[in-house]
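Hello! Here is the structure I promised to hand over to you. Have a look at it first, and then read on for what turned up in it.

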Amino acid sequence: MTGQYRENAEGVDVRYVANLARLDLTDEEVELFQGQLENILGYVEQLQELNVDGIEPTAHAISVDNVFRRDEALLFEGAENIPKNFPAENQQLVSVPKIIE
Amino acid sequence: MISEEELEATIGLETHVQLNTRSKIWCACSTTFGAPPNTNVCPVCMGYPGALPVLNENAVRLTVIAGLALGCEINLRSKHDRKSYFYPDMPKNYQITQYDQPLCLGGQVVYSLDGVERVVRLNRIHLEEDVGKNTHFENSSGVDYNRAGTPLMEIVTEADLHSAEEAFAYLQALKEILSYAGVSHCNLEEGNMRCDVNISVAPKGSDKLGVKTELKNMNTFRGVRDAATYEIKRQKREVSVGGTIQQTTIRWDDTTGKTSAMRSKEYAHDYRYFPDPDLMPIVLTDEEVDALRSALPEMPAQRRERYVQELGLPAYDADVLVADREISDFFEQTATLCGNAKSASNFLMGDMMRMLNDQERSINSVAISPESLAELIKLFDAKKVNNQGAKEVFEVLFEKGGDALEIAKELGKIQTSDTGSIEPFVAQVIEEHPGPVSDYQGGKDAALQFLVGQVMRLSRGKANPQVVGDLFKDKLGT
Amino acid sequence: MGDLHTYTLAGLQGMLADGRCSSVDIVNDVLASIDRTDGRVQAYVDIDRETALAEAAASDKMRAEGDSRMLLGIPLGVKDILNVEGQPCSCGSKLLKPYRSVYDATSVAKLKAEGAIMLGRLNMDEFGMGSTTENSSDQVTRNPWDVGKVPGGSSGGSAAAVAADSAIAALGSDTGGSIRQPASFCGCVGFKPSYGRVSRFGLTAYASSLDQVGTLTKDVRDAAILLEILAGNDHRDSTALETPVEDYSAVLEQDLNGVRIGLAKDFFVEGIHADVSEAVNKAVEHYQSLGAEIVDVSIPHLKYAIATYYVIATAEASTNLARYDGIRYGDRKDGDNPIAISCATRAAGFGTEVKRRIILGTYVLSSGYYDAYYLRAQKVRSLLRRDFEQAFASCDAMLTPVAPTPAYPIGSVLSDPLEMYLGDICTVPANLAGLCGLSQPCGFSAEGLPIGMQLLGPAGGEASLLRIGYQYEQSTEWHLRKPELEVSA
């Protein structure tokens, strides 16, 4: 069923994209995803067939504007449980290896 | 080869300004500065699973006010977008910002440098969120998310600045306007204003800009000026000897007084902007914007005008007072209460600003109030205290507050100008010192000082020396 | 007392009100059912028995003192994607194993406010990505009707537990069919409200413009009862609707005279299993016999729905999952610097399907590709919405299959993701267009596997949809059949 679809001629630079997404991939994964992604993108190509001139994109499933909240400060009651989830902590800060800029 | 003199610098500034809302932009956590780390946090500003943003209406309102104060066009339809990049201080690893439909477009800042008025055009102002704060230790770093989610306005200039001095003057003018507009505390120590500075050089008259370097997150204006000064010189020197400028982010080292390139990023910045599906568009009406426009507080330029035209102050006084909104507010209240704008100005520009600067304090930390200063000024204007006396009373009021008259009395600074009570002393001195009297009548002005001094002694310093002098002049017929 | 676990929620409400059982009885019976069946079915990831029994005891006390809240003392299962304060919320992922919720999702809070007991965490495809519940880092859940078959996904644990009577009812989430498809595969009722009808606050996000919280229940009435409590505005969710919540169970009994059921041939895709089309067509005939009018409608752009869905969902997901970096919570793998930590944490913590979708989503948003993929997909989405608006102008609900096939063998689609995606053709349109959707049993395959039919309603059309489904259900007996489960070894 899947072989019918035209493959994306350019090929996906999987490593580059994975870098953007902060994903370390093994060579096997790169190879696996390369083929599968090109297959999927080949399938997605069919969207190019359609004439979408003058069509507004659907940014939201519902059309509502101006959803606001009032400027009031409230203490989050579970705040003391947040540090319990820190993988590493130092002086109430989330501890990470030194950030070198 | 091109010489350094033939090169001109161009600077663009992106200033991030924290809005003075009570709560954060997407959640109800408090924005109060200085809380213990990671206490003003919740699932939303910590980027927890399942958390969702809801927009603080006051953040929108303040951004529109800032836009109006800066002469921007307000975009009636705007929205928020996700800007993706990974960093430990980013709770969601995307920042919610405004990409192609910001709240404000255009605008300008008028500032003066060396007596000349200049204009910097603004490109836009948009509303986004602040990130957490990193602290660096010797072998690790720590992140505090109290600041994450604070509403931030990003104010972007066009490439209209051409020197470090201009950049400095622009920032001061911008701070003044934002402070008057009431949208931010503009407190640099608390990080309320931080700048990214883009610097490039190109041959004078060229319509193409050179390669730019970017200085990020500068939190003092002085730092911006010093770093830009250095960087411009560096770039000009480099280009003039045939070198090229690398487009990098640079850091400023205050201690060495130099800029240096930061480690080049391993990953390209592809921010992958797209409209945030969790947030609905912002739609404003002309009526709402007009209402905010009419309610704009008086801006510095207007206030300066008013001080000169209506209060009769010299332009110099107006400039000094208006530069700091809190000082000028204090001045106005005082002037209204004591009825003498010039006197109020003198005291503010003189004793007040001197003591504030000496002690590195801001005017809202001092004990003296417009009411007590006005009382002191009335006493001074009525010649009940003299210059020296007023200064001493002021110093006590500044530190401890209190009632001007009471303090003047306690310090023994009340002088009398009542001729009726001084005359007897004058008569007494004339009788007791015939020598100096005839000296004075003979043309020796110095003798008057002696005679006045005698009355001051008799009156235990309470007589107004000027009145004493006048009485002597009267009686001795000169 | 040993059959309380087979009751519906409504049935238990009645039992409790009449004093014919206690909440402790119910919880004990459900726990016993779990003990008997879950060794085979593997629906549950985590159960806090002590807390559940304590809450049950407390509920009984409150009831004795006059507390008559709607769900008082009734235990419910929760898909492991919804935050329940103090409980794990691992979303089927290794990365979130250490995480403990610090707040209740709004949907959970509303159920708790009515006295419900959150009994246990139910298995799912990691972060909602999958149609088989094989993408769970915990375990593979099995279809109670045939343990060699998938239960569907991503709410496979929820559907399997309800079908196996090891849950009275369960919360699920649906982004592209994740409630409706497993309901069909497992022979229970799956309901996805219109977008915005139920708050998403506390629902771990997969695709923000498509996700909805919904229910897996034994019958339509239970879905209506739960929806009344779940639905409503939430000041913590900008996408939650302010429209009033209706009394969904009150209108269930209205008959179908004058109701128009729309049938679109587009949904009967090439390669659809013969048993599926037969069962759904029989359902059409049944609706006619109940007095409904069958109307031909069409969704011309339906064939583009899967491509549209996978571009939009993965794009949104790639950003929604960026927060899982090992920095603030969750499992953290070591590294020399924070970048290295994030890369290692995500590499170790995410499964293959999640990685694949993140890469696809990152790609379609990346510089140079945004217009061709994401923007275009959002425009095609508009075309689909228009198709449905036009269809609903001439019918009250549409009737479609849920999936092209009944449940398939475990392991059969793992090597070909695209083939798995193609099975979503009937369900993704509802998410793309913001519609409400109901999946309910309408037959069985020759192998004895459940087949579901889907009713689709316009946004805001929950009341009508539930009633149309109820009328079918109450005049048939599919919903009364239960799998014969061997007792766990």
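Of the 101 residues of chain A, 26% count as buried; a residue is called buried if 20 or more other C-beta atoms, placed from the backbone, lie within 10 Å of its own, exposed if 12 or fewer do, and partly exposed in between. Please keep in mind that this is a predicted model, in which local features need pLDDT of at least 70 and side-chain atom pairs count only at pLDDT 80 or more, while totals for chains, interfaces and linings use all residues. Residues are numbered from 1 along each chain as its sequence is written, and chains are lettered from A and ligands numbered from 1 in the order in which they are written.

Let me stay with chain A for a moment. Chain A has two helices and three strands, arranged along the sequence as α-α-β-β-β. Helices (H or I, at least four residues) and strands (E, at least two) are DSSP runs, numbered from the N terminus. The radius of gyration of chain A is 23 Å, whereas a compact globule of 101 residues would have one near 13 Å. That radius is taken over C-alpha atoms, and the globule rule is 2.2 Å times the number of residues to the power 0.38. Along the principal axes, the C-alpha atoms of chain A fill a box of roughly 55 × 45 × 30 Å.

What does chain A touch? In its contact with chain C, 45 residues of chain A meet 59 residues of chain C; two residues are in contact if their C-beta atoms, placed from the backbone, lie within 7 Å. Helix 2 (27-44) of chain A is one of the elements that give two or more residues to this side, and helix 2 of chain A gives the most, with seven residues. By class, this side of chain A has 31 nonpolar, nine polar and five charged residues. Here Ala, Val, Leu, Ile, Met, Phe, Trp, Tyr, Cys and Pro count as nonpolar, Asp, Glu, Lys and Arg as charged, and the others, Gly among them, as polar.

The contact between chain A and chain B takes 32 residues from chain A and 40 residues from chain B. Strand 3 of chain A supplies the largest share of the chain A side, five residues. That side divides into 17 nonpolar, seven polar and eight charged residues.

Now for chain C, which has 15 helices and eleven strands. Its radius of gyration is 21 Å, close to the 23 Å that the globule rule gives for 489 residues, so chain C is as compact as a globular protein of that length. Of those 489 residues, 66% count as buried. Among contacts in chain C between residues at least 6 apart in sequence, 76% join residues at least 24 apart.

Which residues have the most contacts inside the largest nonpolar core? They are B:Ala167, B:Tyr170 and C:Leu76, in a core of 268 residues. A nonpolar core is a set of buried Ala, Val, Leu, Ile, Met, Phe, Trp, Tyr and Cys residues joined through C-beta atoms within 7 Å. Helix 2 (residues 164-181) of chain B brings the largest share of this core, twelve residues. Apart from this core lies another, of 30 residues, including B:Val322 and B:Phe331.

Enjoy exploring!
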